[in-house]
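This report covers the metal sites, the ligand surroundings, the nonpolar core and a few single residues of the structure shown below.

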Amino acid sequence: AAKDGGRGRYHFYAQDLHAEAEARAQLERDLRDAIVQGDLQLFYQPVVSTATECITGFEALMRWRHPVKGWIPPDKFVAAGEETGLIAQMGEWALRTACHDLAKWPEEVRVAVNVSPLQFSNPQLPNIVTNALARAGVDPSRLELEITESVFLNDDEGTDAMFAALKRVGVRMALDDFGTGYSSLGYLKKAPFDKIKIDQSFVRGATQPGSRNGAIIASITSLAQALGMDTTAEGVETLDELDLVRMHGCSHVQGFIYECPLSSEDALARLEQGLAAIASGPRSARAPRQ
Ligand code: C2E
Ligand code: MG
Ligand code: MG
Ligand code: MG
């Protein structure tokens, strides 16, 4: 009986693997179609200055409008794009689209685009970025590229050279999800980032009594300040979290407290309401401004 049970389990396991492989293959086929059919879309989440409460820019976040399944978040398909290499096309499309939308926004507003490790290892990336900027006619200083610590995993000359090449193009560089990877100070020394994005896992729970997150956020912001880098606190959802990251010196905030990611039309409308209009969001929860 024990043997039967064992075989049964094996059988189920094999079935699971088969189902998983099948689902993956289906996802890849769908993703290929999505790219061809133009079913990917960029949404834009405001990034707000803590000093002025004005929108200083937007982060472009990819979404997939699936014909059957509806909106699919990037957590469900970016990894598949990376594994299949499709992210190269997706990423180039994102850069072009973000620059195209950026051209419609006021000069002082920036856009940030996420760049995956595979894209970062492509020697053509600086050309791709330059072309996207030139086609849209926007200044390189208005584009920020977000890379994660994982880019530095295979710490070689290629990584350093790519970083330097992108800085020569004139774009800003941001270190995304800081604190979740190896967080080595070595690459902060080598790579002159313009911004560190403090991962939302440090913001979440930071306001709970006894949390160590506040001390960590304070250390990151003082380090960043000493190195001349901006800091964005990611995933700020509540007024208490906003007060806390402000108190600890974050120069920028991104989170549902202000806005969710918006369609490009809504982002433009948001800007046209006046850059400062966003400030009435969390403030009005405390005390009406008018
Ligand atoms: P990320 O770059 O760290 O982006 C921030 C994520 O936090 C976004 O999730 C955003 O919607 C979410 N977020 C913002 N404010 C809040 C908040 O107050 N609370 C909570 N709980 N979440 C908040 P999203 O859009 O689902 O993207 C997830 C990840 O997918 C991104 O993390 C990024 O790593 C990746 N991604 C998104 N777009 C692209 C892209 O165009 N290219 C590449 N390579 N990766 C992308
Ligand atoms: Mg990002
Ligand atoms: Mg992040
Ligand atoms: Mg993330």
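The magnesium ion (ligand 2) and the magnesium ion (ligand 3) are separated by 4.0 Å, and Asp176 coordinates both. Donors are N, O and S atoms within 2.8 Å of the metal (3.2 Å for Na, K and Ca), and water is not among the atoms, so sites may look incomplete. This is a predicted model, in which local features need pLDDT of at least 70 and side-chain atom pairs count only at pLDDT 80 or more, while totals for chains, interfaces and linings use all residues. Residues are numbered from 1 along each chain as its sequence is written, chains are lettered from A and ligands numbered from 1 in the order in which they are written, and side-chain values use heavy atoms, with hydrogens and water left out.

**Metal sites**

| Ion | Protein donors | Distances |
|---|---|---|
| magnesium ion (ligand 2) | Glu59 (OE), Asn114 (OD1), Glu146 (OE), Asp176 (OD) | 2.0 to 2.2 Å |
| magnesium ion (ligand 3) | Asp176 (OD), Asp177 (OD), Glu234 (OE), Glu234 (OE) | 2.1 to 2.4 Å |

Distant parts of the chain are linked here: Glu59 belongs to strand β2 (residues 55-66) and Glu146 to strand β5 (residues 143-148), 87 residues apart. Helices (H or I, at least four residues) and strands (E, at least two) are DSSP runs, numbered from the N terminus. Both Glu59 and Glu146 are buried. Buried means under 20% relative accessible area, exposed over 50%, and partly exposed in between (1.4 Å probe, protein chains only).

The donors of the magnesium ion (ligand 3) follow the pattern D-D-x56-E along the chain. This site also links distant parts of the chain, with Asp177 in strand β6 and Glu234 in strand β8 (residues 230-234), 57 residues apart. Glu234 counts as buried because its relative accessibility is 12%.

**Surroundings of ligand 1**

There are 22 residues around ligand 1, of which Arg63, Asn114, Asp176, Glu237 and Phe256 come nearest. A residue is near a molecule or strand if one of its heavy atoms lies within 4 Å of it. A polar side-chain atom of Arg63 is 2.8 Å from an oxygen atom of ligand 1. For Asp177, a polar side-chain atom is 3.0 Å from an oxygen atom of ligand 1. Phe256 instead places a backbone N or O atom 2.8 Å from an oxygen atom of the ligand. Ligand 1 taken alone exposes 810 Å², and the protein buries 83% of that. Accessible areas come from the Shrake-Rupley method with a 1.4 Å probe; for residues, only the protein chains shown count as cover.

**Residues with positive phi**

Most residues other than glycine have a negative phi, and most peptide bonds are trans. Asp177 is not a glycine, yet has a positive phi of about 55°. Asp177 is in strand β6 (residues 172-178) and counts as partly exposed because its relative accessibility is 25%. Glu53, also not a glycine, has a positive phi of about 60°. Glu53 sits in the loop between β1 (40-49) and β2, and its relative accessibility of 5% makes it buried.

**Nonpolar core**

In soluble globular proteins, nonpolar side chains tend to be buried together. A nonpolar core is a set of buried Ala, Val, Leu, Ile, Met, Phe, Trp, Tyr and Cys residues joined through side-chain atoms within 4.5 Å. The largest such core has 72 residues, and Phe120, Val129, Leu143 and Phe193 touch the most other members. Helix α3 (residues 87-102) gives the most to this core, seven residues. Val129 is in contact (heavy atoms within 4.5 Å) with Leu95, Leu143, Leu145, Leu166, Val169 and Val171, leaving aside neighbours within four places in sequence.

Leu102 lies in helix α3 and is buried, with a relative accessible area of 0%. Not counting residues up to four places away in sequence, Leu102 touches Val109, Arg110, Val111, Val138 and Arg142.

Gln45 belongs to strand β1 and is buried at 8% relative accessible area. The side chains of Gln45 and Gln254 are joined by a polar contact of 2.8 Å. A polar contact is a pair of N or O atoms within 3.5 Å; within protein, one must be able to donate a hydrogen and the other to accept it, and residues adjacent in sequence count only if both atoms are side-chain atoms. Not counting residues up to four places away in sequence, Gln45 touches residues including Glu59, Gln254 and Phe256.
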